[in-house]
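Welcome to a short tour of one protein structure. Take a moment to look at the sequence and the model, and then read on for a walk through a few of the details.

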Amino acid sequence: MPPFKATVAACPHHSIQCQTGVSRNLELHGLRVLIVEDVSVDSELAVHQLARGGIRCVHIRADSEPSFRAALARFKPHIILSDFSLPGFDGLAALKIATAEAPDVPFIFLSGTIGEERAIEALRRGAVDYVLKTNPARLVPAVRRALREVSERARRRLAERQIRESEQRLRDIVDTSQDWIWELGSQQQFVFSSESVRGILGASVPEVIGCGLDTFVHEADREAFAAALQGLSAGQRTVTGIVTRWKHASGEFRWLEGNLLALIGPDGHVSGYRGTHRDITERKHQQERILRLTRMLQMQSGINAAVVRIRERDALLREACRLALQVGGYDHVMISLVDPGGGRAVPWYRLGMTGAAEVRTAESYPISDGTESDTSLIGRALRTGEITVATDLTKSEPPVSGREQLLAEGFKSVVALPFSVNGARVGVLSLASRESDQLSDEELLLLQDMIANLSFALQYRQKETTAQYLAYFDALTGLAKRPFFCERLDEALRNRVEPEGAPTVVAFDVMHLSNVNDTFGRHVGDLLLQRVAEQLKRHLEDDTRVGYLGGGTFVLVLPQDESSAEGVTTFLETTVFRDVFKIEGRTIRASFKSGIARYPLDGEDASTLTQRAEAALKRAKDSGEPYLHYQVEVHSELAERLALEHSLRGALDEHQFVLHYQPQVNISTGRIDAVEALLRWNDPQSGLTLPGRFLHVLESSGMIVAVGDWVLRKAAEDCQRWSRAGLGPIRIAVNVSAQQIRRRTFVENCLAAAAVCTTGGYGLDLEITETGLLHDVEGASRKLRELRSAGMRVAIDDFGTGYSSLGLLSKLPVDLLKIDRTFISGLPEDPASGTLVSSIIGLASAFNLIAIAEGVETEEQLELLRKLRCNYSQGFLHSRPVPVEQLEQMLAQQAQARRPKRRDLN
């Protein structure tokens with residue numbers, strides 16, 4: 001038999017009215033009743049009595065200590081009903097056990113033997129009530145009262161726990177909050193402080209308690225803070241967003257932002273204050289930095305606008321000073337300029353400082369050469385070329401001239417910004433402020449950009465002046481250039497008064513100048529030309545009568561009595577070339593050759609006279625004569641060539657050259673796979689000019705190198721544009737001269753030009769004549785291999801017209817052979833031409849080369865080339881050389897034809 005047995009007592013349909021959650025829960029699920037009783041009938045009577053009272057219950061009976069203990073552990077009763085006396089076990093023992101193991105379970109004695117004394121003892125020991133078995137009507141009220149008391153105690157304990165937890169939570173919040181929480185008593189002394197005061201003010205709580213506000217609040221903020229406190233009342237208890245400076249334990253002041261609350265006493269008056277503060281020092285500094293950056297940006301923008309608007313240098317510098325003072329927020333601005341000797345800077349313009357202080361500032365600032373210490377911030381900035389900053393004038397480093405005067409005026413910091421022109425430091429913009437703070441990296445960058453823009457503007461102004469000078473005068477000799485010399489001479493001819501002697505124009509060259517350059521270096525040759533120019537200006541009364549035409553050629557105007565051949569020679573020999581020239585420790589004796597043109601016999605305007613004097617000079621140099629007069633019958637062809645050369649020299653600078661393109665058609669497919677770039681000149685006088693008229697002049701004058709480089713770049717640009725437009729793939733063949741190949745930078749120039757169009761089947765091909773390579777086959781081969789490895793192809797142009805075709809084929813990295821048009825023109829009637837063309841095509845096939853036929857003009861020629869298995873055809877049959885716009889239309893049509901047509905789904 002188990003130690004105890006649980007039984008359920010039925011209860012009537014009506015329910016008891018319960019006032020607590022515990023009672024309500026018991027009403028729904030049944031009251032667990034533990035009955036300590038040795039007589040089962042008595043326990044059943046108790047349960048029956050509870051049921052009659054409307055209490056539904058589940059009960060068990062225990063009649064010994066072991067069964068009682070087991071029931072407490074397993075049954076978990078809501079209430080205990082115990083007899084006072086049991087055989088071997090009594091109610092007081094059960095009460096003791098219940099009090100120890102289930103103190104929250106109410107214990108009621110239900111006994112017929114308990115007396116008053118025992119009842120009092122039982123209540124003293126923890127029983128909640130006692131009911132006599134002779135009065136069972138009291139059982140239900142006693143049980144209900146006991147359950148209510150249990151529920152009330154539970155509710156009180158819950159409320160107390162919640163209060164304790166709330167208080168602990170508040171303490172945790174106060175202790176862990178980064179905000180400083182404090183209270184002031186009625187005497188405005190701290191009576192409470194959170195631990196976070198240590199992180200905010202660097203002080204411990206005991207160091208704060210008992211202190212007044214004056215101990216911590218900045219003197220300048222005390223009045224405003226006290227006014228905020230005094231403004232609080234029962235009707236207006238709070239104020240927020242109070243920003244004040246508080247003293248840190250380190251001695252510095254920190255910016256704190258806080259909220260204030262008035263504490264109201266029972267009498268309705270303010271009894272104290274509570275506040276929360278957080279450190280916003282970094283935010284405050286950031287706001288100040290943003291404000292400074294904003295001012296600097298506005299100042300920079302204003303100076304940039306002034307750079308565009310103001311053309312005169314001094315006005316620009318004055319405007320920069322005004323903007324720094326009025327917009328940048330600086331209190332004093334000064335510009336100091338380096339004196340001509342370069343040893344010191346002198347104040348040039350200043351704004352912002354009082355007159356008395358201005359008088360006391362230094363008159364100049366020495367610039368150290370690095371061997372001595374700097375004596376001023378301006379001197380250091382000019383010596384180092386870097387922005388120099390003194391953020392605290394009370395410190396001795398860096399050096400600041402007039403430190404005492406600046407401090408007396410209330411200034412605390414100075415920054416010196418050096419500006420330069422053409423790499424030379426020419427001045428300093430000094431900015432002084434009554435604020436002391438470190439310049440941030442952003443501020444320094446803005447100042448650097450500002451001063452760089454100002455330097456650029458000053459440099460540009462100087463270049464404008466220099467450009468105006470260089471437009472008229474030669475930079476090397478300082479003499480008038482050809483246009484200005486001719487302009488002066490024309491004016492002199494117009495203003496000439498009869499019977500003044502007719503002037504003569506003399507052009508002369510310094511002989512063997514190239515030998516001087518090759519032997520001593522180009523700079524020595526330049527110095528020699530400068531000395532010749534100096535001698536000319538020294539010995540001519542009017543320097544408007546002399547000019548420099550470039551290339552070592554000078555021109556001057558002599559009156560008639562000095563214009564004979566002997567007179568010209570005598571003048572130059574006894575003045576300019578009388579003495580040897582001593583240059584960099586070397587003794588150089590120079591000689592000259594000259595050409596003479598007389599007015600009005602050889603020309604009536606300055607340009608004609610100058611050209612004909614040059615023509616006579618060239619004839620003298622070719623013939624070996626020391627001087628020659630101009631002769632029309634001898635020099636007409638030469639003069640025309642010189643005029644053409646002069647026109648061509650300006651054609652490249654004035655963008656008069658253009659490229660036309662002639663297609664190279666794949667004979668098998670009929671499509672344009674490549675084009676040849678052909679040079680044309682848009683001569684303002686003659687219109688579009690073919691290279692046959694001017695190419696020999698470009699080659700003989702050396703201009704072919706510059707023009708050839710331009711052709712490479714222009715062809716590469718067009719190729720890149722076609723690639724982006726999807727007009728290919730297409731390759732462009734460019735003719736290069738032997739002079740280009742011989743230059744050291746040939747490979748570098750080609751690679752730089754072709755870099756933009758070397759993918760997807762696009763690229764540049766180089767066409768070279770075989771006769772142009774005979775001077776340096778090995779050097780040319782090495783350069784062409786390097787270009788070939790970068791994706792460029794090499795073609796031999798006019799193949800078969802030279803002298804060493806087979807030898808070149810074995811030595812050069814060749815990809816294509818171009819059959820000269822003279823062989824194609826005889827096809828198909830001339831058997832000899834057919835045999836020769838067939839042999840060249842066979843030779844190309846043997847060397848795995850591509851054969852291109854030039855000058856194809858008829859369908860018969862094309863058909864024969866197809867039978868001979870020639871690869872490409874080029875000529876008027878397909879297209880004449882056309883402008884780039886027309887070629888792009890042809891390529892676009894070809895590309896459109898290659899695209900697959902959409903299938904009609906209707």
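R731 has a relative accessibility of 11%, so R731 counts as buried, because the cut-off for buried is under 20%. Bear in mind, as you look around, that this is a predicted model.

What does the side chain of R731 meet in a salt bridge? The partner is D765, with 2.9 Å from N to O.

| Salt bridge | N to O distance |
|---|---|
| R482 and E614 | 2.8 Å |
| R731 and D765 | 2.9 Å |
| E854 and K818 | 3.2 Å |

Start with R482 and E614, whose closest N and O atoms are 2.8 Å apart. This pair links distant parts of the chain, with R482 in helix α16 (residues 482-494) and E614 in helix α20 (residues 606-623), 132 residues apart. Both R482 and E614 are buried.

Next come E854 and K818, whose side chains meet in a salt bridge of 3.2 Å, N to O. E854 sits in strand β34 (residues 850-854) and K818 in strand β33 (residues 816-819), so parts 36 residues apart in sequence are tied together. Both E854 and K818 are buried.

Salt bridges can also be found in a network here, one that links E37, D42, D83 and K133.

Now turn to a pair of helices. The axes of helix α25 (residues 746-754) and helix α26 (residues 777-789) come within 10 Å and cross at roughly 20 degrees. That angle makes α25 roughly parallel to α26, and the crossing is right-handed. On the α25 side, the contact is made by F746, V747, C750 and L751, while α26 brings K783, E786 and L787. Sorted by class, the contact of these two helices has five nonpolar residues, two charged residues and no polar ones.

One last stop is a loop. Between which strands is S879 found? The loop with S879 runs between β35 (872-874) and β36 (882-883). S879 counts as buried, at 9% relative accessibility. Leaving aside residues up to four places away in sequence, S879 touches Q662, P663 and M890.

Key:
Residues are numbered from 1 along each chain as its sequence is written. This is a predicted model: local features need pLDDT of at least 70, side-chain atom pairs count only at pLDDT 80 or more; totals for chains, interfaces and linings use all residues. Side-chain values use heavy atoms; hydrogens and water are left out. A salt bridge is a side-chain nitrogen of Lys or Arg within 4 Å of a carboxyl oxygen of Asp or Glu. Helices (H or I, at least four residues) and strands (E, at least two) are DSSP runs, numbered from the N terminus. Buried means under 20% relative accessible area, exposed over 50%, partly exposed in between (1.4 Å probe, protein chains only). Contact means heavy atoms within 4.5 Å. Axes are lines fitted to C-alpha atoms, for helices over the stretch in contact, and angles run from 0 to 180 degrees between N-to-C directions. Angles under 35 degrees count as roughly parallel, over 145 as roughly antiparallel, 65 to 115 as roughly perpendicular and the rest as oblique. A crossing is left-handed if the near helix is turned anticlockwise from the far one by less than a right angle, and right-handed if clockwise. Ala, Val, Leu, Ile, Met, Phe, Trp, Tyr, Cys and Pro count as nonpolar, Asp, Glu, Lys and Arg as charged, and the others, Gly among them, as polar.
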